[in-house]
Amino acid sequence: MIESLRLLHDRITGAAPPPELLKEMTRAFEDLAVELGLYAVSEREQITGHRIDLPGRGQALVPVFTVDESDDEHVRGSVRFGRYYLGGNGAAHGGAIPLVFDEMLGRLANAGGRPISRTAYLRVDYRSITPLDRDLRAEAWFDREEGRKRFLRGAIFDGETRCAEAEGLFVALNPGQP
Ligand SMILES: CCCCCCCC/C=C\CCCCCCCC(=O)SCCNC(=O)CCNC(=O)[C@H](O)C(C)(C)COP(=O)(O)OP(=O)(O)OC[C@H]1O[C@@H](n2cnc3c(N)ncnc32)[C@H](O)[C@@H]1OP(=O)(O)O
């Protein structure tokens with residue numbers, strides 16, 4: 001379902017259907033929303049975002065980061081920004097790129113049985129445009145750890161071109177901290 005939703009996001013962004021079809025589709029979306037509303041659950045019970053076995057954890061917010069290899073200190077994989085993430089002129093939106101870094105760095109920060117941490121800051125440097133519809137190489141790694149503070153870094157490449165890089169601080173939560 002989430003795969004279909006991602007495709008739909010891309011197609012909606014890239015289409016200009018005639019007004020009659022737009023009306024028809026809008027009604028169909030509204031009907032779906034009403035039907036899904038009948039099955040609303042709490043955050044704990046929801047499926048999206050909680051299925052670590054599914055691409056993108058089964059959520060449609062963040063472009064899917066596919067892991068090729070990983071250990072407790074590094075992760076290497078690929079990411080592809082579809083049309084939905086267009087900023088302008090073929091380049092990914094500057095807000096979509098930190099989404100991917102937060103996901104990659106955040107997942108790594110919490111990997112290896114470490115206690116859950118939250119992002120305290122995320123700094124992103126945009127080195128070159130990040131093109132849409134291309135498989136980009138993405139990497140994240142642990143820089144250092146100081147008590148509850150975990151400093152991680154990451155980068156996204158298009159071939160040899162460094163598109164963007166990030167540094168994040170993740171702070172391990174104290175017991176009972178939301
Ligand atoms: C995580 C969810 C898990 C869900 C599980 C689903 C299963 C899937 C598994 C995995 C997928 C995960 C993939 C996604 C990951 C995404 C993660 C996010 O995006 S989290 C949302 C955005 N972040 C917030 O909402 C934080 C809001 N802020 C806070 O809650 C607090 O400020 C927090 C926890 C960051 C720190 O607060 P304090 O009260 O616990 O601790 P203090 O004493 O303030 O800081 C501790 C140390 O850190 C430094 N520090 C804190 N913030 C700093 C900052 N912004 N810059 C520099 N230093 C900072 C402080 O100076 C202090 O350092 P000194 O010990 O004195 O050396």
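Helices (H or I, at least four residues) and strands (E, at least two) are DSSP runs, numbered from the N terminus. Residues are numbered from 1 along each chain as its sequence is written. This is a predicted model, in which local features need pLDDT of at least 70 and side-chain atom pairs count only at pLDDT 80 or more, while totals for chains, interfaces and linings use all residues.

I begin with an annotated region. In the unreviewed UniProt entry, the annotation "domain: Thioesterase" covers residues 89-162; UniProt positions follow the numbering used here, feature names are shortened, and annotations may be inferred rather than shown by experiment. Over residues 89-162 the chain is 19% helix and 47% strand, with end C-alpha atoms 18 Å apart.

Next, helix 3. Its 14 residues, 96-109, should span 20 Å at 1.5 Å a residue, and the end C-alpha atoms agree because they are 20 Å apart; the expected span is 1.5 Å times one less than the number of residues.

Finally, the domains and the ligand. An automatic or database assignment sets the domain bounds, giving domain 1 (1-61) and domain 2 (63-172). The centres of the two domains, taken over C-alpha atoms, are separated by 24 Å. The shell around the ligand draws at least three residues from each domain. Helix 3, strand 5 (117-126) and strand 8 (161-172) each supply at least two residues of that shell.
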